[in-house]
Amino acid sequence: QVQLIESGGGLVEPGGSLRLSCVASGRTFNDYPMAWFRQAPGKEREYVAATFRGTFYTDSVKDRFTISRDSAKDTVFLQMNSLKPEDTAVYYCQAHTLVYDYWGQGTQVTVSS
């Protein structure tokens, strides 16, 4: 069974940092794009960052978030610095193949004082 398992979410004060992890099991996605999305309450899921032959970010997180991957461990990370209340959301990991998009179950990130 193919799974993407996220971890690392939590409650953090504005200006703080968190590091999210997404581990793939059941198959490897090293040759495919992987991305992070997020969904805030009452809003649609939105793209945050992706990695595949480079790294890419939505404008609102540039210079604050860093996506990386450890191919040996089939793991993708999202380092989030200078967090803002508007970053509060459930964060999802996605693996994009030619025939199917795999999603994790999500991890909650709450930025609040």
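Trainee: To begin, is Ser 21 buried or exposed?
Mentor: Ser 21 is buried, because its relative accessible area is 16%. Buried means under 20% relative accessible area, exposed means over 50%, and partly exposed lies in between, computed with a 1.4 Å probe and protein chains only. Please note that this is a predicted model, in which local features need pLDDT of at least 70 and side-chain atom pairs count only at pLDDT 80 or more, while totals for chains, interfaces and linings use all residues. Residues are numbered from 1 along each chain as its sequence is written, and side-chain values use heavy atoms, with hydrogens and water left out.

Trainee: Where is the place of Ser 21?
Mentor: Ser 21 belongs to strand β3. Strands (E, at least two residues) and helices (H or I, at least four) are DSSP runs, numbered from the N terminus.

Trainee: And which residues is Ser 21 in contact with, leaving aside its neighbours within four places in sequence?
Mentor: Ser 21 is in contact with Ile 5, Glu 6, Ser 7, Trp 36, Thr 75, Val 76 and Phe 77. Contact means heavy atoms within 4.5 Å.

Trainee: Which residues touch the most other members of the largest nonpolar core?
Mentor: They are Trp 36, Leu 78, Met 80 and Tyr 91, in a core of 25 residues. At least two residues of this core come from each of β3 (18–25), β4 (34–39), β5 (46–51), β7 (65–70), β8 (75–80), β9 and β11. A nonpolar core is a set of buried Ala, Val, Leu, Ile, Met, Phe, Trp, Tyr and Cys residues joined through side-chain atoms within 4.5 Å.

Trainee: Then Thr 107: buried or exposed?
Mentor: Thr 107 has a relative accessible area of 12%, so it is buried. This residue is part of strand β11 (residues 107–111). A polar atom of the Thr 107 side chain lies 3.2 Å from the backbone nitrogen of Gly 9. Beyond its neighbours within four places in sequence, Thr 107 is in contact with several residues, including Leu 20, Ala 89 and Tyr 91.

Trainee: Changing topic, how many salt bridges are there?
Mentor: The count comes to four. A salt bridge is a side-chain nitrogen of Lys or Arg within 4 Å of a carboxyl oxygen of Asp or Glu. One of them joins the side chains of Arg 38 and Asp 87, at 3.0 Å from N to O. Arg 38 lies in strand β4 and Asp 87 in the loop between β8 and β9, so this pair ties together parts that are 49 residues apart in sequence.

Trainee: What does Arg 64 form a salt bridge with?
Mentor: Arg 64 forms one with Asp 87, and the closest N and O atoms are 2.8 Å apart. This pair links distant parts of the chain, 23 residues apart, with Arg 64 in the loop between β6 and β7 and Asp 87 in the loop between β8 and β9. Arg 38, Glu 46, Arg 64 and Asp 87 are linked in a network of salt bridges.

Trainee: What about Asp 87, buried or exposed?
Mentor: Asp 87 is buried, with a relative accessible area of 1%. Arg 38 is buried at 5%, and Arg 64 is buried at 11%.

Trainee: Which residue does the side chain of Lys 62 meet in a salt bridge?
Mentor: The Lys 62 side chain meets that of Asp 59, at 3.1 Å from N to O. Lys 62 is partly exposed, since its relative accessibility is 41%, whereas Asp 59 is exposed at 61%.

Trainee: Now the backbone: what is the phi of Asp 63?
Mentor: Asp 63 has a positive phi of about 75°, although it is not a glycine. Most residues other than glycine have a negative phi. Asp 63 sits in the loop between β6 (55–57) and β7 and is exposed, with 84% relative accessibility. Ser 82 also has a positive phi, of about 50°, without being a glycine. Ser 82 is in the loop between β8 and β9 and counts as partly exposed at 40% relative accessibility.

Trainee: Where is the place of Asn 81?
Mentor: Asn 81 is in the loop between β8 and β9, and it is partly exposed at 29% relative accessible area. The C-alpha atoms of Asn 81 and Leu 18 are separated by 6.8 Å, although these residues are 63 residues apart along the chain.

Conventions:
Polar contact = N/O pair within 3.5 Å; in protein donor to acceptor, adjacent residues only side chain to side chain.
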